[in-house]
Amino acid sequence: MFQSVNYMVRTKIIYSRDMAPSHRYQDKVVIVTGGARGIGKGCVETFVKEGAKVAICDILDDVAKATVEEMNKMGPGEAFYINCNLRDEAQIKNTIEKVVEKYGTIDCLINNAGYHPGHYPIDTVTSESFASLMQLNVAAVFLTCKYALPYIRPAKGNIINIASMVAQLGQIDSIPYTATKGAVVSMSKSMAISEAKHGVRVNTISPGNILTPLWWEVTNKTETPEKFYQDALTQQVLGHMGSPSDIVKNGAKVAFCDILDDEAKPTEEKMNKMGPGEAYYINCNLRDEAQIKNMIDKVVEKYGTIDCLINNAGYHPGYAVIDDVTVESFNKLLQVNLIAVFLTCKYALPYIRLAKGNIINIASVTTYLGQKDSIPYTASKGAVASMSKTLAISEAKHGVRVNTVSPGAIWTPLWAELKRNAENPEKFYNEGVSYQVMGRMGTPTDISTACLYLAADGTYCTGMDMNVSGGVDISVGSKNEVALS
Ligand SMILES: NC(=O)c1ccc[n+]([C@@H]2O[C@H](COP(=O)([O-])OP(=O)(O)OC[C@H]3O[C@@H](n4cnc5c(N)ncnc54)[C@H](O)[C@@H]3O)[C@@H](O)[C@H]2O)c1
């Protein structure tokens, strides 16, 4: 039998405006390989703006020194340069030691340095050139991690490896490059599993086309660079290339709708006391199209615009084998988990388009993984993820971005209800925890910070599905590396 769990029926609308960086990484120590220019320089700039101390390792002395000067003028963090050829293990080891000697710790390692040799058919690729690219794009990533981890572990820091979209998509006449980036993605997942017991997170960022010196070098090596550039433009749903330091904005005013007046009103009061933004509660039953339309009208009446819509409302009806699932219960779930998402988008989009805003739909990792005896739930979330991609494509011409966040197990009233209704609540809870590589349930803040990133910072992200999952979607076999250690 399905049990109805009517928690979290909530939609948030965030208003964004330019704000000064909030020094979120004050005094943290960061290493950026290849930080002299391109994406690496973008990373250095973003982290220095957030108050971090950033070590750039590169081989382009003049470019790197100019970057350091620019960063130190800007502040509030600082940058310093270490000449390090990442093809040389001794130099990597020495660089890590120098950073620790200067700052005593390492909080974050960004393995950005990499090279794309250009596009060549397999017949012209030699094993030497393949090995040479592997040395920089893969072995150097492994080595910086190896030598930095003894310091990252006590800091419970994290590693970010820059891979590439082409690891998934493939790329014409780029066999060694795509192979190296695929290796980085897989290696990062294995590292995430192994290091979770130390409280270290390991993630990969896979850029699309980012206009950097490397991008132009590769383009200029082609027979028809102008055509290559135009072709690349047509590959972007957003119709433009990314820039290494896309601008940071922060959200402020939040209208939220719910049906739980008694819980929503204290939340509204608490948020308004806290500031600096504000919260505005609207009672709205998302099963009712007229109420959705009315809710959007009210928001626009109060604030005049909508910059971001977060479709968070949804519920899990509990577990049931297919024989016990009725069409009525399936439709009832779809009404909230899918149709309401469609309707809020439909009525909010005329305003979001004018604001060149964005939409974030909350799906679930069960979209990819499946979940035992949860057919309607996984179907509803899969539909949300697919619909979001289509919306991303259709709305790009209006400058609107649409993304999905897929949470793993996040401890909320929805989970508490599932636990209460389980035959063996303790076993149910412990199993839930054991599925996470990180050995804990997520928190609502883990999801909201991902939303803030997509709304405010991720201006080159559209049609993306961000898994915020504690590692439930990686590894085979038992996953809780924290408990196993
Ligand atoms: N630009 C894109 O469209 C794009 C797309 C997907 C992935 N990437 C990846 O992003 C990363 C950064 O690329 P980018 O476009 O900013 O490139 P870039 O060439 O503009 O910058 C790379 C930096 O790495 C440094 N570097 C290269 N070899 C080095 C070595 N042996 N030792 C130390 N430093 C070295 C360079 O000096 C340079 O400062 C690379 O890993 C690349 O594969 C780029």
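1. Helix H1, residues 38-49, packs against helix H2, residues 61-74, at an angle of about 20°, and their axes are 10 Å apart. Angles under 35 degrees count as roughly parallel, and H1 and H2 are therefore roughly parallel to each other. The crossing in which H1 passes H2 is right-handed. On the H1 side, the contact is made by Lys 41, Val 44, Glu 45 and Val 48, and on the H2 side by Thr 67, Met 71 and Met 74. Divided by class, the residues of this contact are 4 nonpolar, 1 polar and 2 charged.

2. A further helix pair is formed by H3, residues 89-103, and H4, residues 127-155. These helices pack at an angle of about 30°, with axes 10 Å apart, and H3 passes H4 in a right-handed crossing. From H3, the residues Glu 89, Ile 92, Lys 93, Ile 96 and Val 100 take part, and they meet Ala 140, Leu 143, Thr 144, Tyr 147, Ala 148 and Tyr 151 of H4. The contact of H3 with H4 has 8 nonpolar, 1 polar and 2 charged residues.

3. Which residues are the closest to the ligand? They are Gly 34, Gly 38, Gly 114, Thr 212 and Leu 214, in a shell of 28 residues that surround the ligand. The elements that give two or more residues to this shell are H1 and helix H7, residues 213-220. By class, the shell around the ligand comprises 15 nonpolar, 10 polar and 3 charged residues.

4. Some details of the backbone deserve attention. The peptide bond from Gly 75 to Pro 76 is cis, with omega near 0°; Pro 76 is found in the loop between H2 and strand E4, residues 78-83. The bond from Gly 275 to Pro 276 is also a cis peptide bond, with omega near 0°, and Pro 276 is found in the loop between helix H9 (261-274) and strand E9 (278-283). Lys 156 has a positive phi of about 45°, although it is not a glycine. Lys 156 lies in the loop between H4 and strand E6, residues 158-162.

5. The last point is the confidence of the prediction. The mean pLDDT of the chain is 87, and 92% of its residues reach 70 or more. Over residues 1-19 the pLDDT is below 50, and this stretch has 82 contacts in the model beyond near neighbours in sequence. Residues 245-251 also have pLDDT below 50, with 25 contacts beyond near neighbours in sequence. Where pLDDT is low, the predicted coordinates should not be read in detail.

Note on methods:
Residues numbered from 1 in each chain as written. Predicted model: local features only at pLDDT ≥ 70, side-chain atom pairs only at ≥ 80, totals over all residues. Axes fitted to C-alpha atoms, helices over the stretch in contact; angles between N-to-C directions. Helix = DSSP H or I, 4+ residues; strand = E, 2+ residues; numbered from the N terminus. Parallel < 35°, antiparallel > 145°, perpendicular 65-115°, else oblique. Left-handed = near helix turned anticlockwise from the far one by under 90°. Contact = placed C-beta atoms within 7 Å. Nonpolar A, V, L, I, M, F, W, Y, C, P; charged D, E, K, R; others polar. pLDDT = per-residue confidence, 0-100. Near = placed C-beta within 6 Å.
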